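Reader: I would like to learn to read a protein model, one question at a time. Could you walk me through this one?

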Amino acid sequence: MSLIEFGLPLIWAVLIGMAVGLYVILDGFDLGLGILYPFYKTEEAHDQMMNSVAPFWDGNETWLVLGGGGLWVAFPKAYAIIMPALYLPITIMLLALIFRGVAFEFRWVAKPHHFKWNVAFTLGSLVAAFSQGVVLGGLLQGITVVNNQFAGGPLDWFTPFSMMCGVGLCCGYALLGATWLIMKTDGEVEKRARILAQPFLIALFGFIGIVSIWTPLIIPRIAELWFSLPNFYYLFPLPLFSIVVFVLCWLGITDVRHTSQAFFSAVTLFVLAYIGLIISNVPYLVPPSVTVWQAAAVPESQLFLLLGTLVLLPMILGYTVFVYWTFRGKVKAGEGYH
Amino acid sequence: MTFDPLLLSRIQFGFTISFHIIFPAFTIGLSAYIASLLVLWHWHKRDHYQTLARFWTKIFAVSFAMGVVSGIVLSYQFGTNWSKFSVVVGNVIGPVIGYEVLTAFFLEATFLGVMLFGWKRVPPWLHTLSAILVAFGTCMSGFWILSANSWMHTPAGHEVIDGIAYPKDWFAIVFNPSFPYRFMHMMSAAYLTTSVVVLAVGARYLLVNRFTEEGKTMVRMGLGMVILLAPLQIILGDLHGLNTSKYQPTKIAAMEAHWDGSKPGALVLFAIPDAKAEKNLYEIAIPKLGSFIITHDWNGLFPGLLDVPKEDRPPIANVFFAFRIMVGIGLFLIAVGFVGGLLWLSKKLFSQRTFLWVVGHSWPLGFIAILAGWMVTESGRQPWIAHGILRTTDAISPVDGLSVAISLTLFVLVYSVVFSTGILYICKMVKKGPQGAAIADKVDDEAALPSRPISAAQHSARESLEGGEVI
């Protein structure tokens with residue numbers, strides 16, 4: 001394997017991995033907001049919640065398109081296996097995202113008859129979050145591949161494990177949403193978010209624990225990776241660090257002097273879990289059979305698009321930072337970007 | 001009950017892409033129209049140009065958002081429903097579509113924000129420049145996606161090894177033989193379609209005596225473009241047809257319902273092509289005119305449907321009728337341009353109510369022609385998904401029919417709610433006209449610089465829903 005044949009797929013895997021990671025964190029908190037919606041009763045609170053993500057949510061979803069599009073172009077063989085294998089959860093996720101996205105906008109237009117769009121926003125967010133968890137679970141538990149093709153049944157993804165991942169991700173997004181509200185809102189909305197965040201933090205931590213135990217139990221390859229020596233010595237700081245971050249997050253939620261500690265701890269918890277999942281599955285793109293290099297498009301194709309990506313990606317990143325910087329600070333009740 | 005995943009996937013892709021193309025076609029034209037209005041405003045310093053630019057910008061915002069949202073699911077279907085297509089031609093076509101995605105998102109992230117929200121935030125020249133760059137950017141988006149589509153019709157610059165296409169020459173891939181013709185034909189179609197909408201809206205305002213100055217400007221600009229573009233579009237279509245007859249002769253045979261290639265082709269005005277009996281029923285035709293149009297020679301020969309085996313023929317009725325709808329609308333628009341031009345010369349353009357009524361009701365024609373045109377070219381490519389490389393039947397994912405039936409049902413449900421609401425808002429805004437929130441910058445400028453096109457139209461749309469309609 002030449003350097004180019006080795007390096008290009010690696011670069012693309014890192015780029016796509018970053019895009020997916022950014023997507024999970026960024027869209028995570030605004031999907032979480034939708035999940036938390038029914039816990040708030042007043043229109044004023046709903047408006048304040050919406051205003052806190054209004055300038056961002058559309059840009060957040062950009063990363064899903066870049067991640068998905070990148071996967072298609074750089075790793076068509078993986079795309080061709082993963083998408084049919086997870087046909088229903090992926091399609092339902094996309095439709096739910098469309099539905100909640102337009103509900104977000106039409107809610108403002110339809111006022112004062114916006115109740116139906118509130119319902120659409122909540123349901124769309126919940127269904128999208130759950131489907132993403134199912135996709136994650138379906139990928140982790142492995143896809144049946146014969147001759148570089150998906151060879152399983154249409155409901156292979158429907159297992160207790162993937163259902164648990166679905167619920168787990170909903171809790172995780174709800175935590176991101178609640179800690180976002182702690183950071184970006186004030187008054188009643190913030191106060192309530194501090195109460196709501198607590199059970200979701202415990203639930204998320206519980207789910208991360210269950211996945212960490214469940215995956216090595218059902219997949220020997222992962223058990224061997226984590227529990228053989230000397231790997232164990234290198235890897236055990238990861239769960240240890242997670243416990244520290246859990247404590248920091250808990251303090252950030254319960255101590256009213258902290259505004260942003262809870263959110264960034266929750267993000268760190270997500271990042272650590274993501275790193276853990278990546279370690280478990282390296283070098284596979286479609287566990288347990290297709291590696292990053294086996295799934296790669298030819299170097300000519302990867303290089304051609306990489307040139308454009310390297311020019312445009314910094315601009316999109318720069319614009320993202322610019323928007324978040326412009327709208328820093330808390331949104332007060334009754335004011336907003338609308 | 002069993003479901004055929006192939007048939008349902010084709011219906012699903014056709015359904016989603018037909019919904020999608022309406023919006024980009026409109027935004028390509030509309031962004032150019034808005035940029036022209038802003039340039040005219042700088043030039044003539046007359047305020048109603050800016051009023052119109054503001055009014056159409058809000059409608060543009062809704063349309064752009066609908067286009068982005070409906071486009072996302074298309075690229076995912078390449079994986080979910082057409083995974084063999086992804087594997088076989090992904091190396092070649094993937095990066096080209098990748099560039100389209102990058103272009104669209106780059107646009108959305110930068111100049112679009114300035115165009116939608118920058119009325120007071122940036123100097124006027126920068127705002128106008130942003131509008132011009134958005135118009136250029138929508139063309140670039142069209143450039144890449146039409147290049148990818150054209151490659152599926154006339155593949156070039158690649159080599160096939162073990163059934164998989166690999167890129168050899170990117171320039172030849174991007175500028176494949178049918179691309180320049182398809183690109184010009186489609187861009188011209190987008191501009192013509194939007195011109196007809198602008199003309200129709202202007203005519204409707206004139207009919208009820210509201211916004212007369214704006215209405216006159218819209219009628220003048222819209223009609224001017226129709227006079228120019230409708231005949232040009234027929235010429236571009238003819239050139240595209242000549243190109244098709246060289247590379248995809250069977251498609252031409254289906255368009256003309258031409259069975260026997262050993263005789264000069266007639267121009268079939270009407271017929272019901274019978275694919276089983278391999279002949280036309282109830283045919284009304286002008287002898288030899290078909291040959292003249294396609295070969296530019298009265299006795300020229302061009303291949304007929306009988307020249308290829310049955311399994312290599314496209315669905316003839318789709319192609320045949322869709323082609324006639326498209327050409328019929330094209331000819332009607334030439335007539336609109338001609339009559340309108342005469343009225344304009346005799347200074348009766350703004351008072352001839354019958355003409356205004358007819359063009360006022362013609363707004364959907366461009367969209368119908370675009371959908372019909374795509375039906376011709378895409379159905380006409382069948383049975384191939386990538387001509388000569390991969391058949392549509394071989395491109396399908398290993399999915400079961402029931403899953404696709406479920407997803408198709410959900411697509412139809414969600415699309416009918418989401419897009420009918422969006423289209424309803426556009427219609428209400430047009431009916432309300434350039435007044436109030438539709439042309440104000442105060443409220444929307446408080447709004448920030450979010451990358452959310454539709455928020456630029458919120459106040460306008462809400463007011464349109466609440467307020468009485470003007471027409």
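Reader: In which helix of chain B is Gly202(B) found?

Author: Happy to start there! This is a predicted model, where local features need pLDDT of at least 70, side-chain atom pairs count only at pLDDT 80 or more, and totals for chains, interfaces and linings use all residues. Residues are numbered from 1 along each chain as its sequence is written, while chains are lettered from A and ligands numbered from 1 in the order in which they are written. Helices (H or I, at least four residues) and strands (E, at least two) are DSSP runs numbered from the N terminus, and the helix that holds Gly202(B) is α7.

Reader: Is Gly202(B) buried or exposed?

Author: A residue is buried if 20 or more other C-beta atoms, placed from the backbone, lie within 10 Å of its own, exposed if 12 or fewer, and partly exposed in between. Gly202(B) has 27 other C-beta atoms within 10 Å, so Gly202(B) is buried.

Reader: Which residues is Gly202(B) in contact with, leaving aside its neighbours within four places in sequence?

Author: Two residues are in contact if their C-beta atoms, placed from the backbone, lie within 7 Å. As for C-alpha atoms, Lys216(B) is 14 residues from Gly202(B) in sequence and 6.4 Å from it in space. The contacts asked for are Gly215(B), Met218(B), Val219(B) and Gly222(B).

Reader: How far does α7(B) reach from its first C-alpha to its last?

Author: The helix covers residues 179-207, which makes 29 residues. Its expected span is 1.5 Å times one less than its number of residues. That expectation is 42 Å, and the helix comes close to it, reaching 42 Å.

Reader: Why is α7(B) described as largely enclosed by the rest of the structure?

Author: Count the buried residues along the helix. α7(B) is largely enclosed because the buried ones number 26 of its 29 residues.

Reader: Which residue just after α7(B) takes a positive phi?

Author: Look just past the end of the helix, where phi is about 60°. The residue there is Asn209(B).

Reader: Is Lys45(B) buried or exposed?

Author: Lys45(B) sits in the loop between α1 (5-44) and α2 of chain B. Its phi is near 55°, a positive value in a residue other than glycine. With 9 C-beta neighbours inside 10 Å, Lys45(B) counts as exposed.

Reader: What is the phi of His296(B)?

Author: You will find His296(B) in the loop between α10 (289-295) and α11 (316-345) of chain B. It counts as exposed because it has 10 C-beta neighbours inside 10 Å. Although His296(B) is not a glycine, its phi is positive, about 55°.

Reader: Which residue does a cis peptide bond join to Val282(A)?

Author: Go to the loop between α12 (261-281) and β3 (284-286) of chain A. The cis bond has an omega of about 0°, and the partner of Val282(A) is Pro283(A).

Reader: What is omega for the cis peptide bond from Gln382(B) to Pro383(B)?

Author: Pro383(B) is in the loop between α13 (365-381) and β5 (384-386) of chain B. For this cis bond, omega is near 5°.

Reader: Which helix gives the most to the side of chain A that touches chain B?

Author: In this interface, 52 residues of chain A are in contact with 52 residues of chain B. Elements that each supply at least two residues to chain A's side include α3 (57-74), α4 (76-85) and α5 (87-110). The most, 15 residues, comes from α5(A).

Reader: At what angle do the axes of α4(A) and α2(B) cross?

Author: Axes are lines fitted to C-alpha atoms, for helices over the stretch in contact, and angles run from 0 to 180 degrees between N-to-C directions. The axes of α4(A) and α2(B) (residues 47-80) come within 7 Å. α4(A) is roughly perpendicular to α2(B), a label for angles of 65 to 115 degrees, whereas those under 35 count as roughly parallel, over 145 as roughly antiparallel and the rest as oblique. The crossing angle is roughly 95°.

Reader: How many residues does chain A have, and what is its radius of gyration?

Author: The radius of gyration is taken over C-alpha atoms, and the globule rule is 2.2 Å times the number of residues to the power 0.38. For the 338 residues of chain A, a compact globule would come near 20 Å, and this agrees with the chain's value of 20 Å.
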